[in-house]
Amino acid sequence: MLPKLILTDIDGVWTDGGMYYDQTGNEWKKFNTSDSAGIVFARKLNIVVGIITGEDTEIVKRRAQKLKIDHLYVGISDKLPVAQELCEKLGFNLDQVAYIGDDIGDLELLKQVGVAAAPSNAPQYIKKHVDFITSKPGGEGAFREFVEWIISKEMDIEDLL
């Protein structure tokens, strides 16, 4: 069964986890545009998408705004209560949620959702708690691969094109 809600971390999933600073203090992140197809596919199936990230940067806010992400939570260190509150608000249970995360701050949420995933470059202590490990590392299309994997369990992706 398809999830009602897909949640995702950002750094280490949508990005390579690197934080780049220039000499004037500007921060840079590289996003892989192929991940946006995961949002398109979710929308076609009426699956709500949310971001829960520990970082609180304008870069993440701008990316979420550009992709019209349904729910954005930034600066969150304890992600499980935020996901629980969102589920309550939307009338979903955590077992109807798919989540992809890559590190310590994601672990408790990964353990509680219906479908959990991690990028291939996540630490082993994270990978051992997930249902799916992407073949791609974070920042190289891992989110899209996760969404396509979820959908492929129910239908042919080509039916959405």
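A pocket is an open set of grid points where a 1.4 Å probe fits, with protein on both sides within 12 Å along at least five of seven lines, and its lining residues have an atom within 4 Å of a point. The model examined here is predicted. Its largest pocket is lined by Glu27, Trp28, Lys29, Phe31, Ile59, Arg62, Arg63 and Lys66. The space inside comes to about 150 Å³. Two elements, strand E3 (27–28) and helix H2 (58–66), each supply at least two residues of this lining. H2 gives the most, with four residues.

The strands come next. Six of them form an open sheet in the order E5-E4-E1-E6-E7-E8, with parallel pairing. E5 and strand E8 (132–133) stand at the edges. Each has a single partner strand, so one side of each is left without a neighbour in the sheet. Strand E1 (residues 5–8) runs parallel to E4, and four bridges join the two. Within this pairing, Thr8 has Ile51 of E4 as its bridge partner. E4 is also joined to strand E5 (residues 71–73), by three bridges and again in parallel. Here Ile52 stands opposite Tyr73 of E5. Further along the sheet, E6 and E7 run parallel and are joined by three bridges. Ala98 has Val115 of E7 as its bridge partner.

E4 is mostly covered, as five of its five residues are buried. In a regular strand the side chains alternate between the two faces of the sheet. Both faces of E4 are covered. Val48, Gly50 and Ile52 are buried on one side, and Val49 and Ile51 are buried on the other.

Helix H1 also has buried residues: Ala37, Gly38, Ile39, Phe41 and Ala42. The buried residues of H1 pack against E1, E4 and H6. Just after H1, Asn46 takes a positive phi of about 60 degrees.

The largest nonpolar core holds 31 residues. Ile6, Trp14, Phe143 and Phe146 touch the most other members. Several elements give two or more residues to this core: helix H1 (36–44), strand E4 (48–52), H2, strand E6 (97–100), strand E7 (115–118) and helix H6 (142–152). The largest share, five residues, comes from H6. Phe146 touches Ile6, Ala98, Tyr99, Ile100, Val115, Ala117, Phe132 and Thr134, with residues up to four places away in sequence not counted. Another core lies apart from the largest one. This other core has 23 residues, among them Leu5, Val82, Leu86 and Val97.

One residue of helix H3 was also examined. Pro81 lies in this helix, which spans residues 79–90. Is Pro81 buried, partly exposed or exposed? Buried means under 20% relative accessible area, and exposed means over 50%. Pro81 has a relative accessible area of 30%, so Pro81 is partly exposed. Pro81 and Leu109 are 28 residues apart along the chain, and their C-alpha atoms are separated by 8.7 Å.

Notes:
Residues numbered from 1 in each chain as written. Predicted model: local features only at pLDDT ≥ 70, side-chain atom pairs only at ≥ 80, totals over all residues. Heavy atoms only, no water. Buried < 20%, exposed > 50% of the residue type's maximum accessible area, 1.4 Å probe, protein only. 1 Å grid on protein atoms, 1.4 Å probe; cavity = no way out; pocket = protein on both sides within 12 Å on 5 of 7 lines; lining within 4 Å. Points joined across faces, edges and corners; volume = space filled by probe spheres on them. Core = buried A, V, L, I, M, F, W, Y, C linked by side-chain atoms within 4.5 Å. Contact = heavy atoms within 4.5 Å. Pairing = 2+ DSSP bridges.
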